[in-house]
Amino acid sequence: MDLAGILDRLDVNADWVGLRYVDDHSTWRWVRDGRPQLNQHNRSRGIMVEVLAEGQFAYAASANLDPAAVQQAAVKATAIARAASAHAVYHFSSDVRPPASGSYISPIEQSADSLSPAELNQLLVKSCASLKVSDKVVATHAMLRRVNSQHQFVSSNGSNIEQQFFILSSASQAIAQDGPVVQQRSVNGMFARSWQAGFEILDEDQHLARCRQAGEQAVELLSAEDCPNTSMDLLLAPDQMLLQIHESVGHPLEIDRILGDERNYAGWSFVRPEDFGRLRYGSELMNITFDPEVPGQLASYRFDCTGNPTQRQYIIKDGILQRGLGGLESQQRSGLPGVANVRACSWNRPPIDRMANLNLEPGDSSLEDMIGSVEKGVLMESNRSWSIDDYRNKFQFGCEYARLIENGRLTRTLRNPNYRGISSSFWNSLKAVGNRDSFAVFGVPNCGKGEPNQVIRVGHASPPCLFADVEVFGGDG
Amino acid sequence: MDRGAIEQLFDQLAGGLIDALRSDEHLSLSLRGESSHFCRFNAARIRQTGLVEDSSLDLELIIGQRRASSAISLSGNADLDMQYALAELNRLRAEIPQLLEDPYIVLPASGQASRSISHGQLLDPATSTQHLLPPIQGIDLAGIWASGRIYRGHANSLGSRHWFETDRFALDYSLVSPQEKMVKATYAGSDWNQAEYEASIAASVNRLRLLDKPTITIKPGQYRTFIAAAGVADLLSMFSWHGLSELSLRTGESAFLRMREGGETLSALFSLAEDFSHGQVPRFNDIGEVAPQRLELIRAGQLENSLVSSRTAREYGLESNFAAEHEALRSPRMAPGELDEADVLNSLGEGVYLSNLHYLNWSDSSNGRITGMTRYACFWVADGEIQGPIANMRFDDSFYHFFGDNLQAVSSSLQLIPDVETYGSRGLGLTECPGILLESFALTL
């Protein structure tokens with residue numbers, strides 16, 4: 001795509017023009033109970049023209065890549081930018097679209113084309129067979145999704161960026177039933193196993209072993225006790241920490257939320273502008289980084305969609321809030337320190353503040369030490385349910401699988417484990433953080449936000465973490 | 001694109017692709033498109049504004065007992081789009097022999113046809129702010145304006161052809177008081193009416209004033225509760241996810257298993273149907289089948305039907321009711337009851353009035369338990385009068401209670417709650433439902 005050539009030929013009376021081309025090719029494969037459900041390709045491609053006129057940005061997006069159509073889109077965008085300018089939330093300059101050049105490509109070893117559709121379907125059939133460890137497993141699901149997403153960005157002030165993302169996600173789930181009792185167990189939760197990677201991450205033997213374990217644990221849960229209704233220590237595995245970080249750290253720290261842009265949809269934030277640099281968000285063990293430079297993590301990139309180059313930054317250091325998740329527009333509007341995180345899900349949506357890779361840095365406790373330190377507690381794994389209020393305060397999360405911890409040892413399996421709390425007090429109850437050996441990297445490929453709505457890919461990495469005195473509870477059954 | 005151009009493009013593509021088929025091939029084509037103006041507001045000022053022209057074509061190819069599908073963006077250039085679509089057809093042809101046989105494959109519907117085109121009066125994107133902004137000056141409003149034409153089409157190699165085209169607008173907004181109290185509303189339709197719009201804003205401003213009173217903090221516990229229609233629509237939306245899908249019942253994932261296998265019932269006051277009679281949602285599905293105008297799902301508390309796609313019907317030896325393959329609700333209608341809106345507060349007496357709910361999820365799906373938050377204009381009511389707004393509370397309760405033994409009354413008027421979601425594309429669905437009065441509702445945090 002000669003995007004620079006199209007830009008050169010544009011004739012539009014705007015202070016700044018950017019063209020963002022996205023060519024997104026994804027393939028879904030889904031086998032249920034060993035039988036094919038879906039073999040689907042999606043190719044979405046188009047251009048978003050973004051213009052700045054009289055301090056107001058406006059966009060026009062179309063799948064028509066013809067230069068004349070792009071010219072028409074640019075003229076329309078300029079007209080609505082001018083019409084909106086008198087009513088703008090904020091008058092911007094092109095400073096928030098810095099000139100930048102460079103490229104990025106996901107680090108992969110084994111390309112997506114190295115396995116044929118037949119081989120991929122066979123792998124999914126084997127996954128279902130491994131999940132079905134007994135007749136009590138009444139349904140098995142095995143899915144693979146791969147994405148090849150090419151992004152180009154050029155602008156009238158000299159940006160020229162190319163980024164190419166190769167993504168592989170897998171999900172494997174067993175549903176077990178015994179009379180009225182139904183339990184589900186998946187490998188790390190649905191689609192947490194998402195990375196910028198090729199098929200090198202899908203070692204068949206390991207993959208099938210994980211499926212078998214998920215099937216066995218689904219059956220194990222059928223006869224397990226319900227999680228007790230009480231307050232006790234809570235040890236969260238990395239595949240649940242990802243959700244805890246996402247909902248109670250990531251979203252409340254998005255600066256556009258703090259500025260109120262999101263109030264009609266996902267909501268506001270309990271964090272206020274004056275909290276940056278001061279707020280004790282969590283205990284001294286809490287260190288959160290914005291890090292789009294982790295090789296292979298789901299939301300790694302080199303430039304955000306405005307051309308702003310990325311840099312690893314501490315968001316929370318030793319428990320104190322340092323900076324927000326806001327790009328150059330939000331930083332200018334708020335005067336707050338931010339990061340390079342303005343992203344759009346595709347060519348047909350405007351870029352907004354998003355999480356990228358938001359990680360909890362390792363501490364110095366081994367998993368065994370943390371379990372050993374607990375007199376009465378519960379270890380929960382793999383997210384099953386999530387809900388949080390519009391200020392990102394009152395949350396309730398559920399997990400698939402839990403083990404009781406008694407006198408420093410893992411004892412009985414528990415089903416329907418849930419917990420609830422309030423974000424800030426919860427993080428201040430953090431009393432141990434796992435070490436580098438226990439650190440695990442996962443992804444959230446379906447983070448929803450924005451108006452118009454956008455689903456975007458986010459990465460989270462964390463060790464297991466131990467929280468004191470958390471309200472936990474089970475199901476009705 | 002000009003009016004009629006998308007339909008013409010779709011017909012050209014369908015004709016060319018179906019002509020290119022071999023005798024052993026079946027093809028379903030579905031088009032989803034829109035021409036949209038979006039404008040996002042914060043503090044009644046413009047945060048982002050833009051235009052999106054987006055159409056995509058889905059192809060599902062069946063050869064013998066195997067199938068694969070593909071979706072492509074359409075540029076609007078018929079020659080180029082035909083070239084891309086033919087390339088996709090060839091990709092599917094090459095892939096299908098490598099795939100597993102699918103014993104439950106369903107051929108597209110044959111010989112069905114429909115055409116629904118409704119043109120409205122929409123605001124010009126270049127001047128829409130002149131209409132939208134004056135009534136909201138001096139108000140803290142956050143929200144999204146989405147306006148323009150929406151298209152859905154289907155054609156297949158067995159002769160079915162459907163077209164649905166409509167003009168829609170929606171301003172989905174929240175008003176915020178200086179004390180951060182909020183009310184939520186949507187002004188939506190097909191024909192812009194400035195007076196109606198201004199009345200909608202004025203009504204919301206009046207509701208916001210009700211929130212001026214000091215916030216009342218209530219403790220977690222069981223409360224007598226009225227949930228207004230917008231909140232009920234959120235609860236019903238959960239039935240599209242591990243809910244009334246026949247496949248989810250068969251695979252053990254449905255929250256309705258206790259009704260199907262355990263013989264449980266809901267309240268005789270609760271009835272729910274899939275009802276397309278308003279004509280605002282296309283009745284055809286992704287393989288060209290046309291759903292019945294009305295399908296009773298739960299009648300007077302009894303599970304009467306689930307949503308059965310033809311694929312599920314084939315797998316389990318059932319009769320299809322032509323649900324879409326994902327077996328989600330497309331046009332739900334909950335039956336009204338006898339509680340007059342004017343009597344709601346008196347009937348509630350003492351308890352909580354919930355206008356809206358937020359961020360729902362199953363907390364224990366096999367027991368029908370849903371958690372979420374109260375949001376926006378939610379009040380403490382005593383002696384049949386609003387005492388003041390409550391702080392947002394988490395709820396966690398089972399629909400076997402709130403549509404079951406705790407359902408005391410259902411309001412007599414139905415509200416149309418439009419689907420204003422814009423994930424991927426603008427939604428077309430809507431929910432018709434009343435409010436519900438509950439003897440008890442569990443607020444937990």
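Let me begin with a term: helices and strands are here DSSP runs, a helix (H or I) having at least four residues and a strand (E) at least two, and they are numbered from the N terminus. Please keep in mind that this is a predicted model.

With that term in hand, consider the loop between β1 (16-32) and β2 (35-53) of chain A, where A:Asp33 is found. A:Asp33 is not a glycine, and yet its phi is positive, at about 50°. Is A:Asp33 buried or partly exposed? The count is 18 other C-beta atoms within 10 Å. A residue is called buried at 20 or more such atoms and exposed at 12 or fewer. A:Asp33 is therefore partly exposed.

In chain B, B:Asp383 also deserves attention: it lies in the loop between β14 (369-382) and β15 (385-389). Its phi is near 50°, a positive value in a residue other than glycine. B:Asp383 is exposed, because 9 other C-beta atoms lie within 10 Å.

One further backbone feature belongs to chain A. A cis peptide bond joins A:Glu451 and A:Pro452, with omega about -5°. A:Pro452 sits in the loop between β22 (440-449) and β23 (454-462) of chain A.

I now turn to strand β6 of chain A, residues 160-178. Of its 19 residues, 14 are buried, and the strand is thus mostly covered. Which strands pair with it? Let us take them in turn.

Strand β4 (residues 101-105) of chain A pairs with β6(A) in the parallel sense, over five bridges. Here A:Ser103 stands opposite A:Glu162 of β6(A).

Strand β5 (residues 137-155) of chain A runs antiparallel to β6(A), and 17 bridges join the two. One of the pairs is A:Met143 with A:Ala171 in β6(A). The hairpin of β5(A) and β6(A) has four residues between the strands, and A:Gly158 in this hairpin takes a positive phi near 105°.

Strand β7 (residues 181-186) of chain A is antiparallel to β6(A), with six bridges. A:Gln177 has A:Val182 in β7(A) as its bridge partner. These two strands form a hairpin with two residues between them, and in its turn A:Gly179 has a positive phi of about 60°.

Strand β8 (residues 193-195) of chain A is joined to β6(A) by three bridges, again in the antiparallel sense. A:Ser169 stands opposite A:Ser194 in β8(A).

Let us move on to the helices. Two packed helices are described by the angle between their axes and the distance between the axes. In chain A, the axes of helix α3 (residues 117-131) and helix α4 (residues 204-222) come within 7 Å and cross at roughly 35°. The crossing of α3(A) and α4(A) is right-handed. Among the residues that meet there are A:Leu123, A:Lys126 and A:Leu131 in α3(A), and A:His207, A:Leu208 and A:Arg212 in α4(A). By class, this contact has five nonpolar, four polar and three charged residues.

Finally, how many of the nine residues of helix α5 (residues 229-237) of chain B are buried? Eight of them are, so the helix is largely enclosed by the rest of the structure. The buried residues of α5(B) include B:Ala229, B:Val232, B:Asp234 and B:Leu236.

That concludes the presentation; thank you for your attention.

Methods: Residues are numbered from 1 along each chain as its sequence is written. Chains are lettered from A and ligands numbered from 1 in the order in which they are written. This is a predicted model: local features need pLDDT of at least 70, side-chain atom pairs count only at pLDDT 80 or more; totals for chains, interfaces and linings use all residues. Axes are lines fitted to C-alpha atoms, for helices over the stretch in contact, and angles run from 0 to 180 degrees between N-to-C directions. A crossing is left-handed if the near helix is turned anticlockwise from the far one by less than a right angle, and right-handed if clockwise. Two residues are in contact if their C-beta atoms, placed from the backbone, lie within 7 Å. Ala, Val, Leu, Ile, Met, Phe, Trp, Tyr, Cys and Pro count as nonpolar, Asp, Glu, Lys and Arg as charged, and the others, Gly among them, as polar. Two strands pair if DSSP finds at least two bridges between them.
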